[in-house]
Amino acid sequence: FNLAKINQQYNKALTYIDKCIALSEPNSLAAVEYGVKKVEVLTLAYERSSDKKYLEMAIADYESLLEKMPNNISVLNNLAYMLAENDQRLSEALAYAKRAVELQPNDASILDTYAYVLYKNGKYDEALENLTAALQQYEQGNGVGPSELYEHFGMVKEKLGEKAEALAYFKQSLEIGGDILPDATKERINRAIKRLSQ
């Protein structure tokens with residue numbers, strides 16, 4: 001499984017992880033851990049291929065994991081982000097993200113996801129409040145948030161009509177992300193910068 005995953009042979013990796021799941025006791029810790037690994041591979045396969053079947057399978061598997069672990073913060077957070085990122089079932093995504101924040105209110109990445117889902121649901125003022133709280137958490141820790149946090153700030157500020165601030169956040173997102181940003185993300189941020197610079 002790991003070798004196939006590393007070599008980006010995602011269908012092969014899925015075959016192996018399905019065998020691991022089949023050999024595990026149902027609802028055991030091992031079965032759950034294999035389920036999480038399967039979702040990671042499905043997500044990678046979707047990101048690489050843009051094939052919606054991988055996305056649909058990943059969402060279904062996350063929901064299956066959530067039935068077994070209704071208070072798993074990571075599953076709630078990741079499912080909420082995946083749904084929002086793909087503009088699917090946004091009200092459900094909001095419920096999942098809100099539940100994750102209720103369970104772990106001072107986690108910067110969870111606050112960021114919640115803010116992003118709020119943004120996708122058109123709740124821009126609430127999104128800004130949660131992004132600000134996330135940034136404060138990052139600043140208390142290592143001083144700077146990840147690139148996507150600043151991109152989310154830019155998106156919200158643009159919707160609120162604060163173009164100069166939105167532009168500054170998008171530029172900061174590019175600067176922080178540097179060479180590790182995927183090309184599609186760089187292109188999206190550069191389009192936003194061009195749009196706001198006109």
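**The largest pocket and its surroundings**

Mentor: Happy to! By class, 15 nonpolar, 11 polar and nine charged residues make up the lining of the largest pocket. Keep in mind that this is a predicted model. The volume of the largest pocket is about 1,200 Å³. Its lining counts 35 residues, and those closest to the pocket's centre are Glu 47, Tyr 81, Glu 85, Thr 185 and Arg 188. Several helices give two or more residues each to this lining: H3 (29–49), H4, H5, H7 (108–120), H9 (147–159), H10 (163–177) and H11 (183–197).

Two of those helices, H4 and H5, deserve a look as a pair. The axes of H4 (residues 52–68) and H5 (residues 73–85) come within 10 Å and cross at roughly 150 degrees. Angles over 145 degrees count as roughly antiparallel, and H4 and H5 are therefore roughly antiparallel to each other. Their crossing is left-handed. On the H4 side, the contact is made by Leu 55, Ala 58, Ile 59, Tyr 62, Glu 63, Leu 65 and Leu 66, and H5 brings Val 75, Leu 76, Asn 78, Leu 79, Met 82 and Leu 83. By class, that contact has 11 nonpolar residues, one polar and one charged.

H4 also takes us to the second largest pocket, where H3 and H4 are the elements giving two or more residues to the lining. H3 gives the most, with five residues. This pocket holds about 150 Å³ of space. Its lining has 14 residues, with Ile 21, Ala 31, Gly 35, Ser 64 and Lys 68 nearest the centre. By class, the lining divides into six nonpolar, four polar and four charged residues.

How values were computed. Residues are numbered from 1 along each chain as its sequence is written. This is a predicted model: local features need pLDDT of at least 70, side-chain atom pairs count only at pLDDT 80 or more; totals for chains, interfaces and linings use all residues. Side-chain values use heavy atoms; hydrogens and water are left out. Axes are lines fitted to C-alpha atoms, for helices over the stretch in contact, and angles run from 0 to 180 degrees between N-to-C directions. Helices (H or I, at least four residues) and strands (E, at least two) are DSSP runs, numbered from the N terminus. Angles under 35 degrees count as roughly parallel, over 145 as roughly antiparallel, 65 to 115 as roughly perpendicular and the rest as oblique. A crossing is left-handed if the near helix is turned anticlockwise from the far one by less than a right angle, and right-handed if clockwise. Contact means heavy atoms within 4.5 Å. Ala, Val, Leu, Ile, Met, Phe, Trp, Tyr, Cys and Pro count as nonpolar, Asp, Glu, Lys and Arg as charged, and the others, Gly among them, as polar. On a 1 Å grid over the protein atoms alone, a cavity is a set of points where a 1.4 Å probe fits but cannot get out, and a pocket is an open set with protein on both sides within 12 Å along at least five of seven lines; lining residues have an atom within 4 Å of a point. Grid points are joined across faces, edges and corners, and a volume is the space filled by probe spheres set on the points.
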